[in-house]
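User: I'm new to this one. Can you show it to me and walk me through some details?
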Amino acid sequence: MSADRLVGEAKAVATGTADSGGTEPRAGRREQVAGLLQRGAVFLVLAVAIVAGAVAFGSSFASVENFRNIAISSSFLALIAIGMTFVIIGGGIDLSVGSLLALAGVLAAYGSRQGSLAAVALPLAVCGAIGLVNGLLIARARMAPFIVTLAALLFARGAAFAVSDEGNTTYLIKPGMAVTELGQGTVGGLGVPVLFALAAFLIGLVVLNRTSFGQAVFAIGGSEDAAQLMGLPVARIKILVYVASAMLAGFAGVLVAARSSSGLPTLGAGLELEAIAAVVIGGTLLSGGAGSLTGTLAGVLLLGVIQNLINQVGTLSSYYQQVVSGAFLIVVVVVQTYLSRRRRL
Amino acid sequence: MDEATLTRTLPAQRDLRGWLGDRGVYLALALLVAFNLAFTANFATVGNLRLQLIQVVPVAIVALGMALVIGTEGIDLSVGATMAIAAALLPLYLGYGPWVAIPVALAAGGVVGLVNGGLVAFVGVQPIVATLGLLVAGRGIALVIAQGRLTELFDPTLAAIGTDRVAGIPITVLIAGAVAGLVGLVVRRTTFGRRVVAIGGNRGASVLAGLPVRRTLVVVYVVSGLLAALAGILDTARLSAADPSFVGLLIELSAITAVVVGGTPLSGGRVRILGTLAGALLMQLISATLIKHDLPDSTARMIAAAIIIAAVYLQRPRVAT
């Protein structure tokens with residue numbers, strides 16, 4: 001590898017994190033506005049969707065009860081999307097999270113026969129181990145994240161069915177167990193899953209923006225070679241990111257199992273794509289090196305609000321939700337691409 | 001790759017690994033066939049061969065388009081949704097006869113490809129995001145078109161395409177074979193094929209060399225959309241029912257697996273048509289073998305995962321860090 005290329009990539013990192021493109025001589029107010037729009041588009045769209053919902057449906061949409069429902073149903077996706085944000089900013093992708101959620105749910109219900117501790121520890125340990133394998137194959141063996149986590153998707157789904165006897169045995173979590181509270185309990189009017197999602201969000205925010213680990217994730221996503229040359233422990237950080245993503249997905253699976261008091265191996269199919277969509281809608285670039293957790297949370301909420309609004313209409317079939325979500329994704333991404341001026345040749 | 005890595009690896013080792021990396025899929029396929037010949041009852045029968053080929057047709061056709069897309073360093077996640085749209089459109093237009101309905105369904109696939117290609121080539125959206133949008137929206141569109149229902153079809157022409165044989169070979173298999181031959185010819189013998197590989201190898205250089213990069217990309221995604229629609233039509237014809245909820249579900253993952261296991265790297269710059277077909281056949285035989293030996297579906301998936309990792313591990317870039 002030539003020195004020129006490395007210098008060029010190092011420069012790309014230095015300028016790449018500045019969204020408005022400092023290399024252009026006339027990087028004036030227009031560029032700043034464009035950058036702001038690119039990062040803030042999702043909040044704007046979310047606000048418009050909520051206002052439109054309130055105007056159209058009145059108190060059946062804009063009620064504390066309904067917002068509580070949106071928060072609960074979004075919290076599982078939020079946990080997964082937070083891990084996915086780290087992975088994508090680091091320049092990777094994790095397709096295994098939907099299957100891991102199912103596997104964790106089955107293991108939580110399976111483990112609950114040995115008590116609440118096992119119901120939480122078993123799925124987290126297994127998902128952490130799968131995340132570790134993902135990370136090792138990607139960081140040490142230098143295999144493509146897409147294909148490694150695709151294999152993990154297959155493996156975890158297979159394991160979920162294997163544990164539940166090909167789906168013929170549904171393990172139940174007995175009523176009254178402490179673990180049930182994780183899914184069904186409420187604290188101060190908020191469901192426990194919502195609190196966990198909020199906690200994960202706040203911790204993620206600090207880790208990503210206020211620690212050297214977070215900065216290293218940005219650097220690796222911007223240019224892995226440059227990060228390596230700067231002396232960052234690239235492989236170790238990538239492995240940690242994949243372990244964190246897998247364990248967050250596993251924890252979301254535990255919460256889902258606790259909420260429904262059972263573990264189903266069929267859950268979470270396609271959830272990885274929803275999480276990626278939320279992350280991308282939130283302004284994180286799939287090319288890595290730039291992104292925000294706040295945007296991801298707004299992206300998750302936007303998907304939740306869209307689903308809720310379509311349910312409110314009632315006469316529309318739920319299929320429209322997919323159409324609208326997909327259309328939103330395309331529109332947001334097109335706008336972002338135009339604004340970010342990161343167009344390739 | 002620097003000097004140090006070259007001298008550290010013995011030539012013989014390097015050759016063996018290089019050979020395995022390039023032809024691992026054929027070796028694996030041969031081993032699996034040998035295992036089946038020895039241990040599986042009724043494996044070497046015409047009926048079984050026919051069954052395996054019929055079952056591999058949709059994945060093989062979709063994977064051929066996917067191989068072109070991956071060759072340009074892209075990816076097409078929308079193929080399953082495109083199959084569903086094609087399947088949902090068939091019953092609507094069968095009233096005008098199959099020779100209207102089939103072109104309409106194919107055209108819909110072309111339109112999906114046009115949108116994907118436009119987003120990738122002209123807007124500059126990353127392929128995975130552009131096609132993810134249509135993966136989510138596409139199945140929704142298909143379900144809206146079909147109002148979420150499974151529709152049984154009673155069209156003799158379509159049924160014939162789906163189930164008849166010519167000289168003992170099912171028509172769907174013949175169609176897949178023709179498509180494979182055509183795509184293989186295009187990749188090996190035409191300037192278009194060269195451009196696909198060039199764009200995947202180095203897009204910047206292709207632009208500087210004056211290649212019509214954008215146009216080529218759009219055509220590649222349109223071809224992928226058309227082939228996905230064809231797979232949707234054939235699947236619908238075979239079942240004599242259009243089921244937009246399930247037709248082509250998760251086929252994007254099987255197709256990508258077939259392409260990658262077959263030796264086309266996700267980083268583009270190379271297209272392996274025979275390898276792709278072998279990859280599709282390998283994945284089909286793995287699940288068939290495990291089912292024949294009474295291993296449950298769940299174990300089949302886990303073993304498939306291990307085989308994917310092993311195949312891609314052998315093909316990983318050989319640059320030490």
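Predicted model: local features only at pLDDT ≥ 70, side-chain atom pairs only at ≥ 80, totals over all residues.

User: Why is helix 12 of chain A called largely enclosed?
Analyst: Ten of its eleven residues are buried, so the rest of the structure largely encloses helix 12 of chain A, which covers residues 271–281.

User: What follows helix 12 of chain A?
Analyst: Gly283(A) follows it. The phi of Gly283(A) is positive, near 95°.

User: Zoom out. How many helices and strands does chain A have?
Analyst: Chain A has 14 helices and two strands.

User: And what share of the residues in chain A is buried?
Analyst: Buried residues make up 53% of the 345 in chain A.

User: What about contacts in chain A between residues 24 or more positions apart?
Analyst: Take the contacts in chain A with a separation of 6 or more. Residues 24 or more positions apart account for 76% of those.

User: Pick one residue in chain A. Where is Thr180(A)?
Analyst: Thr180(A) sits in helix 7 of chain A, residues 180–184.

User: Is Thr180(A) buried or exposed?
Analyst: Thr180(A) is buried. Its relative accessible area is 7%.

User: What does Thr180(A) touch?
Analyst: Leave out residues up to four places away in sequence. Then Thr180(A) touches Ile173(A), Lys174(A), Gly185(A), Ala258(A) and Ser261(A).

User: Which residue does Lys238(A) pair with?
Analyst: Lys238(A) forms a salt bridge with Glu224(A). The closest N and O atoms are 3.0 Å apart.

User: Which parts does that pair tie together?
Analyst: Lys238(A) lies in helix 11 of chain A, residues 234–260, and Glu224(A) lies in helix 10 of chain A, residues 224–229. So the pair ties together parts 14 residues apart in sequence.

User: How accessible are the two partners, Lys238(A) and Glu224(A)?
Analyst: Lys238(A) is buried, with a relative accessible area of 13%. Glu224(A) is partly exposed, at 29%.

User: Now chain B. What does Asp235(B) pair with?
Analyst: Asp235(B) forms a salt bridge with Arg238(B), and the closest N and O atoms are 3.3 Å apart. The two residues are three apart in helix 11 of chain B, residues 213–239, so about one helical turn separates them.

User: Buried or exposed, for Asp235(B) and Arg238(B)?
Analyst: Asp235(B) is buried, at 12% relative accessible area. Arg238(B) counts as partly exposed, at 32%.

User: What does Arg301(B) meet in a salt bridge?
Analyst: Its side chain meets that of Asp297(B), at 3.4 Å from N to O. Both residues lie in helix 14 of chain B, residues 297–314. They are four residues apart, about one turn of the helix.

User: Which residues do salt bridges with shared partners join into one network?
Analyst: Arg142(A), Glu224(A) and Lys238(A).

User: Let's switch to helix packing. At what angle do helix 3 and helix 12 of chain B cross?
Analyst: Their axes cross at roughly 65° and come within 8 Å. Helix 3 of chain B covers residues 46–71, and helix 12 of chain B covers residues 251–261. That angle makes helix 3 of chain B roughly perpendicular to helix 12 of chain B.

User: Left-handed or right-handed crossing?
Analyst: Helix 3 of chain B passes helix 12 of chain B in a right-handed crossing.

User: Which residues meet there?
Analyst: From helix 3 of chain B, they include Pro58(B), Val62(B) and Met66(B). From helix 12 of chain B, they include Ile251(B), Glu252(B) and Ser254(B). The residues of this contact divide into twelve nonpolar, one polar and one charged.

User: Where is Leu53(B), and what does Leu53(B) touch?
Analyst: Leu53(B) is in helix 3 of chain B. Leu53(B) counts as partly exposed, at 29% relative accessibility. Not counting residues up to four places away in sequence, Leu53(B) touches Val173(B) and Leu281(B).

User: How far apart are Leu53(B) and Pro103(B)?
Analyst: They are 50 residues apart in sequence. In space, Leu53(B) and Pro103(B) are 25 Å apart, C-alpha to C-alpha.

Terms used. Residues numbered from 1 in each chain as written. Chains lettered and ligands numbered in written order. Heavy atoms only, no water. Axes fitted to C-alpha atoms, helices over the stretch in contact; angles between N-to-C directions. Parallel < 35°, antiparallel > 145°, perpendicular 65-115°, else oblique. Left-handed = near helix turned anticlockwise from the far one by under 90°. Contact = heavy atoms within 4.5 Å. Nonpolar A, V, L, I, M, F, W, Y, C, P; charged D, E, K, R; others polar. Salt bridge = Lys/Arg side-chain N within 4 Å of Asp/Glu carboxyl O. Buried < 20%, exposed > 50% of the residue type's maximum accessible area, 1.4 Å probe, protein only.
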